[in-house]
Amino acid sequence: MEKIIQTLCSAMDGERLVKIILSGKRRKSLAYGKITVRPVDIKGELMFQAEFHFDKKVTHRNIPYYEAVDFIASEIRDDFKQANILTETEDIQILAAKPDKPRITHRAASRRAGDLAHDRKKHYIIDDGKPCDFLIELGVMSADGRVHKKHYAKFRQINRFLEIADNCFEHLPDTGTLRIIDFGCGKSYLTFALYYYLRLVRGRDVEITGLDLKEDVIAFCNDTARRLGYDHLSFLTGDIADYESEGADMVVTLHACDTATDFALINAVRWRSKVILSVPCCQHELFSQIRSDIDEPMLRHGIIKDKFTELLTDGLRGLKLEAAGYDVNMLEFTSLEHTSKNIMIKAVMPENPDRAAMKKALAQYEALRDFYHVSPTIDRL
């Protein structure tokens, strides 16, 4: 799918796209026979409108630009064998009978885009075409500000993350130094993005710490921060379960493996952090614990049990956070290259937590936990 995603990113991240037509159903049972996707301007915001063609009707769905590539890629993978991408400069055909080995051809353009709006504009927080120091340093962007084709997925992911984070900032202190910890930071694209956006764009005083087990990765991140002059961004080698700190206003944990996510959440709740953004990964803990006579016919299939366990684990985490007073939302987050995990737990602490809602969430948590006979690490909250 990598070639398909790169082709979609290239066509959709400019302002040249006319429309995309998905056709050639993979299975007869699919209710609609074709999807047409067009860029549209809705109240000044660039969206993509998907038009589903049924036998006797047509339905529409408006998709935010940051979700559009993932939507189309999944439709090609699961439902359609062919995609025709029409842009102002070329026509592209994707034949994807085997999505991992697509045949992609390019021809001269056959038509031009309609006028979406005279001031049509991408609403990226970080723009393609405008030099951004950390993206240049990390190899995502060229020195003149153009995003490299092979890194468009990463570029979109960074912007999606900043959009989600930006919607949470109203819950953080208005003044003083913001303290942020990124547990399991890895190569820290998103950690650098947070620092860049808060410090250089919004002008806030910040202290951001990234924590990871890999010494070579931490050394690389510290060296990169030093070259960029990001004075209040530092990285430490360490285990999330053993980490000690005076606290943080915001805790980020993206793809911390298995119970490492739980320990990150436990720290965040103990510190009464105002904002938590977590994308869990490798939820194995409950796989060997889960028992249910009702669900046994389903759970006897390992692949289904694995997926169900992931959802149960994150559902319990969400309820436990609600029981601790947080307002919780589950969001779709653009996946990383090395994993398909894309559920983000967004938790913010309101000024006045709803005590009745907290009590209800705890009861629901305990009922769900006991029904499936599991004992999650998150119980330590």
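Me: What makes Arg-179 "partly exposed"?
Reply: Arg-179 has a relative accessible area of 33%. Buried means under 20%, exposed means over 50%, and partly exposed is what lies in between (1.4 Å probe, protein chains only).

Me: Before we go on, what are we looking at?
Reply: This is a predicted model, where local features need pLDDT of at least 70, side-chain atom pairs count only at pLDDT 80 or more, and totals for chains, interfaces and linings use all residues. Residues are numbered from 1 along each chain as its sequence is written, and side-chain values use heavy atoms, with hydrogens and water left out.

Me: How do you know that Arg-179 forms a salt bridge with Asp-249?
Reply: The closest N and O atoms of the two are 3.9 Å apart. A salt bridge needs a side-chain nitrogen of Lys or Arg within 4 Å of a carboxyl oxygen of Asp or Glu. The 3.9 Å is within 4 Å, so the pair qualifies. The two come from distant parts of the chain: Arg-179 is in strand β8 and Asp-249 is in the loop between β10 and β11, 70 residues apart.

Me: And what about Asp-249, buried or exposed?
Reply: Asp-249 has 11% relative accessibility, so it counts as buried.

Me: How many salt bridges are there in the whole structure?
Reply: The search finds 17. Another one pairs Asp-128 with Arg-146, with the closest N and O atoms 3.7 Å apart. Asp-128 is in the loop between β7 (103-108) and α3 (133-137), and Arg-146 is in the loop between α3 and α4 (152-166), so the bridge ties together parts 18 residues apart in sequence.

Me: Why is Asp-128 called buried?
Reply: Its relative accessible area is 19%, so Asp-128 falls under the cut-off for buried.

Me: What makes Arg-226 and Asp-223 a salt bridge?
Reply: Their closest N and O atoms are 2.2 Å apart, so they meet the salt-bridge rule too. Both belong to helix α6 (residues 215-228), and because they are 3 residues apart there, about one helical turn separates them. Arg-226, at 59%, is exposed, while Asp-223, at 25%, is partly exposed. Through shared partners, salt bridges join Glu-137, Asp-223, Arg-226 and Arg-227 into one network.

Me: Now the sheet: what is the order of its strands?
Reply: The open sheet has 7 strands in the order β10-β9-β8-β11-β12-β14-β13, with mixed pairing. Strands here are DSSP runs of E with at least two residues, helices are runs of H or I with at least four residues, and both are numbered from the N terminus.

Me: Why do β10 and β13 stand at the edges?
Reply: β10 (233-237) and β13 (327-332) each have a single partner strand, so one side of each has no neighbour in the sheet. From one strand to the next, the twist averages 15°.

Me: How do you know that β11 and β12 pair?
Reply: Pairing takes at least two bridges found by DSSP. β11 (residues 250-257) and β12 (residues 275-281) are joined by 6, so they pair, and they run parallel. One of the bridge partners is Val-275 in β12, which goes with Met-250. Helix α7 (residues 260-270) packs on the sheet, touching β8 (178-183), β11 and β12 (touching, or contact, is heavy atoms within 4.5 Å). Its direction makes about 170° with that of β11, where axes are lines fitted to C-alpha atoms, for helices over the stretch in contact, and angles between N-to-C directions run from 0 to 180 degrees.

Me: What makes α7 "mostly covered"?
Reply: In α7, 9 of its 11 residues are buried, among them Phe-263, Leu-265 and Val-269. The cover includes β8, β11, β12 and α9.

Me: And why is Leu-211 called buried?
Reply: Leu-211 has 2% relative accessibility, so it is under the buried cut-off. Leu-211 lies in strand β9 (residues 206-212). Beyond its neighbours within four places in sequence, Leu-211 has contacts including Asp-182, Phe-183, Leu-236 and Tyr-243.
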